[in-house]
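The sequence and the structure are shown first.

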Amino acid sequence: MPPRIEVLQRLGTVNLCLRPATRTATPNFLPVIHTANLSQREKKRKAKQDPYKWAQAQQRKNANLKRREELQKQRDEAWGNPVLGKTTPFLESLDTAGQVGQSEVPRDASGNILGTPHELPTTPGLRNHFLTDAELEEATKHAYALGKPIIGVVSAQMSSGLEEDPERKYEQNHAKAVEALRRITSLRNSSARDRFHANVRRIVDEFGRHKTDKFLAPKPQSINPNTIPMPCRAGPDTGSSEVQIAILTAKIRTLSKALLVNRGYKDKHNKRNLRLLVHRRQKLLAYMERRERGSERWTHMLEKLGLTPATWKGQIDL
């Protein structure tokens, strides 16, 4: 019986390699170094042997550290100060109760100007003792009419020409009295408590819903809106969350400034008061975020008061 020769069943299994033959491995007489067992100090010494490679590594490291510092600075600015937040023109106007139109010029220790002043929102018609310019003008006119002397025919004949005209004298005295009233009711000559009362009136006019509802879009209604009609407001809005938050912010700003001067770091009583005000504002902000987050009322309050996430998120330590 002839011998059996094995034949490939199909040509697809044939693997034809046209690559040239590999060279024989030359023996390597250098010692083999396992870098996994080297210490960090030894790795750094090995890397420094190639100056170009070491310079590239240092350049990448410096760029990475610089980028880290920039990102951390941006995070800190976005997070803000849990007590003061960010400074806005409206907050700066609280120091003068809206009576100064420009901010103070920053100066260094030697008196050199460091920046340019910017405009501040003002309330020129506001006066001390809960008065306005219109009310003071109306009261002075009424007083002038009540105290004006009535000169009859007989009294005019009896008065000699040497005596001063009573009407002219009365007008001079009335002008002096009006000037005295203007100085007394001016907020530039008021105390800190009077300025705070004036700021409360400004805050109610700025954040009260009896005025903001006219130009701010309402919050989108839920799936099941409330069909019960809400009662109309009987007067200025003084109890809404944004008004109370703004009043607390004004108190916190005044108290924190007082603690920075005249050895205020030893005033433990006012430190406790500041802590209470900050946490009370934090609760109101957390409540309003749940109720009004994303609405125009929420963004309007944050922009005007300069509030940041640090004022209502996380734990506040003073």
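## Salt bridges and burial

Asp213 has a relative accessible area of 41% and is therefore partly exposed, in what is a predicted model. Its salt-bridge partner is Arg297, with the closest N and O atoms 2.9 Å apart. Because Arg297 lies in helix 11 (residues 296–305) and Asp213 in the loop between helix 8 (209–212) and helix 9, the pair ties together parts that are 84 residues apart in sequence.

Arg297 also forms a salt bridge with Glu292, where the closest N and O atoms are 3.3 Å apart. Salt bridges that share partners join Arg209, Asp213, Glu242, Glu292 and Arg297 into one network.

The structure holds 13 salt bridges, and one of them brings together the side chains of Asp95 and Arg253 at 3.3 Å, N to O. This pair links distant parts of the chain, since Asp95 is in the loop between helix 3 (89–93) and strand 1 (126–127), while Arg253 is in helix 9 (residues 241–259), 158 residues away.

| Residue | Relative accessible area | Class |
|---|---|---|
| Asp95 | 33% | partly exposed |
| Arg253 | 14% | buried |
| Arg297 | 15% | buried |
| Glu292 | 10% | buried |

Ser186 lies in the loop between helix 6 (166–184) and helix 7 (192–207), and at 17% relative accessibility Ser186 counts as buried, because the cut-off for buried is under 20%. Leaving aside residues up to four places away in sequence, Ser186 touches Arg127 and Asn128.

Methods
Residues are numbered from 1 along each chain as its sequence is written. This is a predicted model: local features need pLDDT of at least 70, side-chain atom pairs count only at pLDDT 80 or more; totals for chains, interfaces and linings use all residues. Side-chain values use heavy atoms; hydrogens and water are left out. Helices (H or I, at least four residues) and strands (E, at least two) are DSSP runs, numbered from the N terminus. Buried means under 20% relative accessible area, exposed over 50%, partly exposed in between (1.4 Å probe, protein chains only). Contact means heavy atoms within 4.5 Å. A salt bridge is a side-chain nitrogen of Lys or Arg within 4 Å of a carboxyl oxygen of Asp or Glu.
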